[in-house]
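Colleague: Hi! Could you walk me through this fold, one piece at a time?
Modeller: Happy to, let's look at it together.

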Amino acid sequence: MTRAFVFPGQGAQTIGMGKALAEAYPAAKAVFDEVDEALGEKLSNLIWEGDIADLTLTQNAQPALMATSMAAMRALEAEGVAVTDAAFVAGHSLGEYSALSAAGALSIADTARLLRTRGQAMQSAVPVGEGAMAAILGLDLEAVRAVAEEAAQGSVCQAANDNDPTQVVVSGAKEAVERAAEIAKEKGAKRAVMLPVSAPFHCALMQPAADVMAEALAEVEIKAPAVPLIANVRAEAVSDPDLIRQFLVEQITGSVRWRESVLYMAAQGVTETWEIGAGKALSGMIRKIDRAIAGKAVGTPDDVQNMVKSES
């Protein structure tokens, strides 16, 4: 059985995530300690005991979700499961940073600092209230691209996340995205849902954040990952550190090609994915993309134990 380890993106955060892992595995606790030290604050207190509104702030959610994913990865490693037991790693948006950290391309401390910078830059790129995102359900990517183009009317409206065959997210200027939601319903979408996000991610309006991340990434060492990364913006495998750096910058304004990434993995023989960290959103998407791939979530000590038992 060929597997891939996949890492969740924003929206998976919950208060208390990773706490049981930290209590059960010293190596998992060490991840949260390292992230706290790298950021110069007790992010772990916010993750485990804070207010969900504060945790959901982009600058907090991004490093918090990475920390939880890496805690789960360290727990697996403590039980004898290595990242090299997977053929590929992949992550949804910020999850790409978690994937790279898990594969040894980025240190945990650098990843935490990069994601704090990324979250702040993405938040400040567009004034609050001027951008929006909407999930279009029931239209495929080409149909949503046509909707976005019609809705733009001289402003920015783009297909941002191609999540699965039933869900594509559009992002851009608020009025254009609202128009897109209405046009999509007229074109036969089952639903068009405005998303509770603080900024219009993965569209051209994020260029100021891409500029910030180009500078930040230029200062950080990126090693060749132990297993290839399936890059969001290309939906294919990459191991070259310079290309990884380039694709992480492109990812800020580019589409998350998750559906195509899963199809690529399937074409390479992947039959099982382990979703490492918080939630099960990616496993749900993967099921809709290719039912032949078995999706399993690894976010608690019980999950870790179950996966280890299934290996023996």
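Colleague: Is Ala-148 buried or exposed?
Modeller: Ala-148 is buried, because its relative accessible area is 2% and the cut-off for buried is under 20%. Keep in mind that this is a predicted model.

Colleague: Good to know. Where does Ala-148 sit?
Modeller: You'll find Ala-148 in helix α8, which covers residues 141-152.

Colleague: And which residues does Ala-148 contact, leaving aside its neighbours within four places in sequence?
Modeller: Those are Cys-157, Gln-158, Ala-159 and Val-170.

Colleague: Let's move on to the nonpolar core. Which residues of the largest one touch the most other members?
Modeller: Phe-5, Val-89, Met-206 and Ile-276 do, in a core of 81 residues. Helix α5, residues 58-78, gives the most to this core, with 10 residues.

Colleague: What does Val-89 touch, not counting residues up to four places away in sequence?
Modeller: Val-89 touches Phe-5, Phe-7, Val-83, Ala-99 and Ala-103, and also Val-227, Pro-228, Leu-229 and Ile-230. Besides the core that Val-89 belongs to, a second, separate core has 23 residues, including Leu-141, Val-144, Ala-181 and Ala-192.

Colleague: Pro-228 came up there. Where is Pro-228?
Modeller: Pro-228 is in the loop between α10 (207-218) and β7 (229-230). Pro-228 counts as partly exposed, because its relative accessibility is 25%. Setting aside residues up to four places away in sequence, Pro-228 touches Ala-87, Phe-88, Val-89, Ala-237, Val-238 and Ser-239.

Colleague: Now the helices. At what angle do the axes of α2 and α5 cross?
Modeller: They cross at roughly 150 degrees, and the axes come within 7 Å. That makes α2, residues 26-39, roughly antiparallel to α5.

Colleague: Which residues make that contact?
Modeller: From α2 you have Ala-27, Ala-28, Val-31, Phe-32, Val-35 and Leu-39, while α5 brings Pro-63, Met-66, Ala-67, Thr-68, Met-70, Ala-71 and Arg-74. By class, the contact of α2 with α5 has 11 nonpolar residues, one polar and one charged.

Colleague: How about α2 with α7, what is their angle?
Modeller: α2 and helix α7 (residues 108-124) pack at about 55 degrees, with their axes 9 Å apart. They are therefore oblique to each other, and the crossing of α2 and α7 is right-handed.

Colleague: Which residues are involved there?
Modeller: Val-31, Glu-34, Val-35, Ala-38 and Leu-39 of α2 meet Ile-108, Ala-109, Ala-112, Arg-113 and Arg-116 of α7. In the contact of α2 with α7, seven residues are nonpolar, none are polar and three are charged.

Colleague: One more helix pair: how far apart are the axes of α5 and α6?
Modeller: The axes of α5 and helix α6 (residues 95-102) are 9 Å apart, and the two pack at an angle of about 30 degrees. The contact uses Met-66, Ser-69, Met-70 and Met-73 of α5 with Ser-98, Ser-101 and Ala-102 of α6. By class, the contact of α5 with α6 has four nonpolar, three polar and no charged residues.

Colleague: Changing topic, which loop holds His-92?
Modeller: His-92 is in the loop between β2 (88-91) and α6. His-92 counts as buried, because its relative accessibility is 9%. Not counting residues up to four places away in sequence, the residues that His-92 touches include Phe-7, Asn-161, Asn-163, Trp-258 and Met-285.

Notes
Residues numbered from 1 in each chain as written. Predicted model: local features only at pLDDT ≥ 70, side-chain atom pairs only at ≥ 80, totals over all residues. Heavy atoms only, no water. Core = buried A, V, L, I, M, F, W, Y, C linked by side-chain atoms within 4.5 Å. Buried < 20%, exposed > 50% of the residue type's maximum accessible area, 1.4 Å probe, protein only. Helix = DSSP H or I, 4+ residues; strand = E, 2+ residues; numbered from the N terminus. Contact = heavy atoms within 4.5 Å. Axes fitted to C-alpha atoms, helices over the stretch in contact; angles between N-to-C directions. Parallel < 35°, antiparallel > 145°, perpendicular 65-115°, else oblique. Nonpolar A, V, L, I, M, F, W, Y, C, P; charged D, E, K, R; others polar. Left-handed = near helix turned anticlockwise from the far one by under 90°.
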